[in-house]
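Here are my notes for you to read with the model open beside them. Take the points one at a time and find each spot as you go.

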Amino acid sequence: MATAKEQAGSNRAHELELIINELEELNEEVRANDIWIRTRWNLPNQKAWHLGTSDRPSPSAHSLTVEYPSAQPHVWRWGDIEPYLLKLAELCPLELTERQSVLLTNPAFGLTGVKVTNTMRIAISIYKRGDDAESHLHTPNASRTIVSDSGGYTIVEGEKMYPKRGDLVFTPNGTWHEHGNDDDTPVIWADTLDWPLIDFLGCAWARDDTENAADHGNPEDGFSRRFYGRGGIRPLFAPHHRGSGEGNSPMFLYAGVDIRAALDDLARFDGEPHEGIIVELVNPENGAPVFTTISYRAQLLRPGEATQPFRHTASTIYWVADGKGTTEVDGEEMAWARNDFFVVPNHRWRRFVNTGKTDAILYSYTDRPLIEKLGHYRAQGKGKDGAVVELG
């Protein structure tokens, strides 16, 4: 037999149910007026940060479901990607699709937005001899990570570049650029863009009216490296137009040989306990990230090296430039090898292990600059005793 307190609670629950039902009936009436009478509360995407967990809150009878699903950790195997790229180059002319690309889709999203995270997408493109993408400009920031041994060519604001494997070519928002391949063998690169973010904000568009482009002054080949490529020395003038975007790097080519040399020079040090040996590619004018929305980094893990667990409120996509290893994400192991891509979404605990006999080199693309600008960047690590430590 129910106690008086239990009976009162049951009666109150029944009263609330009747009220909710009446409110929902009113919601049917007002729907034509494009308003909604609040009957439930919003369910947050994550549990409170101080709890140290990446678990998501559980919905209740009176909570709204999460509106934007979070990305899932995932590995894209190069062996699954390359055959389709080669078939695409054989079957598909550029005039049909404008780009011969295989786009990575996160299992959490499917084809909705064609994205890896809510802020970034990866399109792996192939260009065979004679392929030529016309000059264009778009508002999302974009980059090319060169996967094949040679990289065809890219022209950004008149600067023609012939990148090689491991090079990064940047086309910041507001820069006119074009691509092509005059080599006998197809070239492959991975395009990283903040398109999902810019599109969500309603700011994504493109132009191809090159006759209206600003005069870029025809910079000589190798201009990026000659003018901006000496660390610690900043030119105090700009001889060429470098696009109309704000806050992004005017240096368009970062050489893979320089990135690897920097990592090798640092490899004798202990490194960062959660990252190993890690460097960031920066704007040579102010030391800020290359883009206002994405930071580009490279890290080296020595044979047998294992990092301490780490998580932050930013999402990160990785490309395996060399070596092999595993990344544990919330205790689940993801194995990776040369040319694979994988993603670690925000809030997830992750730990790297180099399982090979040579150095492992990872390139990474993270939306950390964006999260920092919004004032919501947080980071936590775990010590050898497993205790959670606030890092930022």
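How do the residues of the lining of the second largest pocket divide into nonpolar, polar and charged? Keep that in mind; the reply comes in point 3.

1. Ground rules. This is a predicted model, in which local features need pLDDT of at least 70 and side-chain atom pairs count only at pLDDT 80 or more, while totals for chains, interfaces and linings use all residues. Residues are numbered from 1 along each chain as its sequence is written, and side-chain values use heavy atoms, with hydrogens and water left out.

2. The whole chain. You'll find 7 helices and 25 strands here (DSSP runs numbered from the N terminus: helices are H or I with at least four residues, strands are E with at least two). Along the principal axes, the C-alpha atoms fill a box of roughly 85 × 55 × 45 Å. Of the 392 residues, 47% are buried (buried is under 20% relative accessible area, exposed is over 50%, partly exposed is in between, using a 1.4 Å probe and protein chains only). Take the contacts between residues at least 6 apart in sequence: 70% of them join residues at least 24 apart (a contact means heavy atoms within 4.5 Å). The accessible surface is about 20000 Å², and 52% of that belongs to carbon and sulfur atoms (areas come from the Shrake-Rupley method with a 1.4 Å probe; for residues, only the protein chains shown count as cover).

3. The second largest pocket. Back to the question: the lining divides into 16 nonpolar, 4 polar and 9 charged residues (Ala, Val, Leu, Ile, Met, Phe, Trp, Tyr, Cys and Pro count as nonpolar, Asp, Glu, Lys and Arg as charged, and the others, Gly among them, as polar). Elements that give two or more residues to this lining are β9 (159-161), α5 (223-228), β14 (253-254), α6 (256-266) and β15 (277-281). The largest share, 4 residues, comes from α6. The pocket holds about 700 Å³ of space, and of its 29 lining residues, Gly229, Met251, Tyr254, Ala255 and Asp258 lie nearest its centre. As for the terms, on a 1 Å grid over the protein atoms alone, a pocket is an open set of points with protein on both sides within 12 Å along at least five of seven lines, a cavity is a set where a 1.4 Å probe fits but cannot get out, and lining residues have an atom within 4 Å of a point. Grid points are joined across faces, edges and corners, and a volume is the space filled by probe spheres set on the points.

4. The largest pocket. This one has a volume of about 970 Å³. Its lining has 32 residues, and the closest to the centre are Asn45, Asn118, Thr119, Asn346 and Ile371. Two elements to look for are α4 (195-200) and α7 (368-373), which give two or more residues to the lining. The most, 5 residues, come from α4. By class, there are 14 nonpolar, 13 polar and 5 charged residues.

5. The cavity. A search of the whole structure turns up 1 cavity of 30 Å³ or more. The largest cavity has a volume of about 50 Å³, and its lining includes Phe310, Arg311 and His312. Strand β17 (310-312) gives the largest share, 3 residues. The lining divides into 5 nonpolar, 2 polar and 3 charged residues.

6. A sheet to trace. Follow the order β4-β5-β12-β7-β10-β14: these 6 strands form an open sheet with antiparallel pairing. At the edges stand β4 (101-103) and β14, each with a single partner strand, so one side of each has no neighbour in the sheet. Strands β7 (142-146) and β10 (168-171) pair over 4 bridges, with Ala142 opposite Thr171 (two strands pair if DSSP finds at least two bridges between them).

7. Gln380 lies in strand β24 (379-382) and counts as buried because its relative accessibility is 0%. Beyond its neighbours within four places in sequence, Gln380 is in contact with residues including Trp49, Pro309 and Leu391. Asn339 lies in the loop between β20 (332-336) and β21 (341-344), and is buried at 7% relative accessible area.
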